[in-house]
Amino acid sequence: MANLEEEASIASTTTQNGRDHEEVPITTSAILLLLPCIVWVLINEDVDASADDDQRNNVHVLVTGFEIFGSHAINPSWEIMKTFDKTYLNGMYVRAHLLPVDYAGVDEQYPQILAKYPNLRLIVNCGVGLPGKLKLEQCARNGLYHRKDNQALVPKTGFCYSTDNPENTLVTKIPLPAIVSEARKNSESDMSLGISSDAGLYLCEYIYYHSLRGAVCNSVFLHVPPFDMPYPQPHLLSHVAAIMSSLTNYTQRSRLMKPVDSSISCLPGVGVSVFVTNPAHPDHILVGKRLALHRDGNEHGVGTWATPGGHLQFGETFEECALREAREECGLTDLQNLEYLGTANIIDEAHKYHCVVAYVAATTQSEPIACEKDKCDQWEWHPFTSLPAPLFSSLSWACRHGISPFVLNFCSQK
């Protein structure tokens, strides 16, 4: 939901005597986008979508919208999202839930909603934004939340979580540029869809922070414009259907690409190690202590000090991976002067770990935030010549072989 001074009036179709708004026919493009859902249901007639208790373990996608707020008579976020309830998107069963425009109500109800569905793979929170375009939000802030809700209240501390760093910012792991590109291709008509880094510091950002912090699964927030500003309801539904198709496609692809057991994989991984420097900390680099296993369950490197970094995703350059990992792990969104330093072939036979690592140097003017505390609870600046021990294998290799962000244009090592 946009800030008060920016918020647009939401078009209302409710009559003065309080009758429900008029039903709007769904366009052909919306039907075509939802056709896979219909086919899935037809070939799975034994599934009773109304039997909620029996379906909870089968719910893989949660979508949410907000109730009416302020002086408005309708909230497009719920009118759109409720159409996906009890449907299948790319083989995944969807449930929709209406959320209150109430900080305390969200604090109480949202954890209960999440607890109902133990096998979620995707969460899409939705709210109404400004006229003109749809926006996918890439991050959510802990606060300050000072705009009053429907109960004329704000969070007691001003923050979503008083125990978190007041300046904490959490970032979605979903590659939003790829989602935007695919959704535009899926949309039958021109769709104005962008990526935003300011979710408004109201209930929209508040619920998004809840979703990202809970880390139940991948989460994203979608802002939709008011109806008829400029999209009529059926066209807006068609656009959101295209976005949902792209998000669920990505979710399914990601699941299929993950190795189930590293011991049966004979192919090495490809990763990027990011040497982040900051002029405020001369001759220092950013490192953190690894707390978690690798995504495939491998324990290699737990308890060691490492730079930001991670696995290369399909279609990424080394520099694009460096930007993404620094944003996801450290909340750094201003990396500049990216330069490829070299590569290493890291093999640890004892742990069945084999990864080809690319080293990328980058500078920032910002201070890091631990965005994935289950993996690293604190990032620290340390002199490159006096790093804490023990070092993660890729960082240790770089130090032994002279790869340094302070000595650029280093050639690749074999």
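Reader: What should I know about the numbering and the model?
Author: Residues are numbered from 1 along each chain as its sequence is written. The model is predicted, so local features need pLDDT of at least 70 and side-chain atom pairs count only at pLDDT 80 or more, while totals for chains, interfaces and linings use all residues; side-chain values use heavy atoms, without hydrogens and water.

Reader: Which order do the strands of the open sheet have?
Author: Strands of a sheet pair through backbone hydrogen bonds, either parallel or antiparallel. Here strands are DSSP runs (E, at least two residues; helices are H or I, at least four), numbered from the N terminus, and two strands pair if DSSP finds at least two bridges between them. The open sheet has four strands in the order β13-β10-β15-β14, with mixed pairing. β13 (309–311) and β14 (336–348) are the edge strands, each pairing on one side only. β14 pairs with β15 (residues 353–363) in the antiparallel sense over ten bridges.

Reader: How is the aromatic pair of Tyr359 and Trp397 described?
Author: A pair of aromatic rings is described by the distance of the centres and the angle of the planes. Rings of Phe, Tyr and Trp (its six-membered ring) pair if their centres lie within 6.5 Å; planes under 30 degrees apart are stacked, over 60 edge-to-face, and the rest tilted. Tyr359 and Trp397 are stacked, at 6.3 Å centre to centre with 15° between the planes. Tyr359 is in strand β15 and Trp397 in helix α9 (residues 393–401), 38 residues apart.
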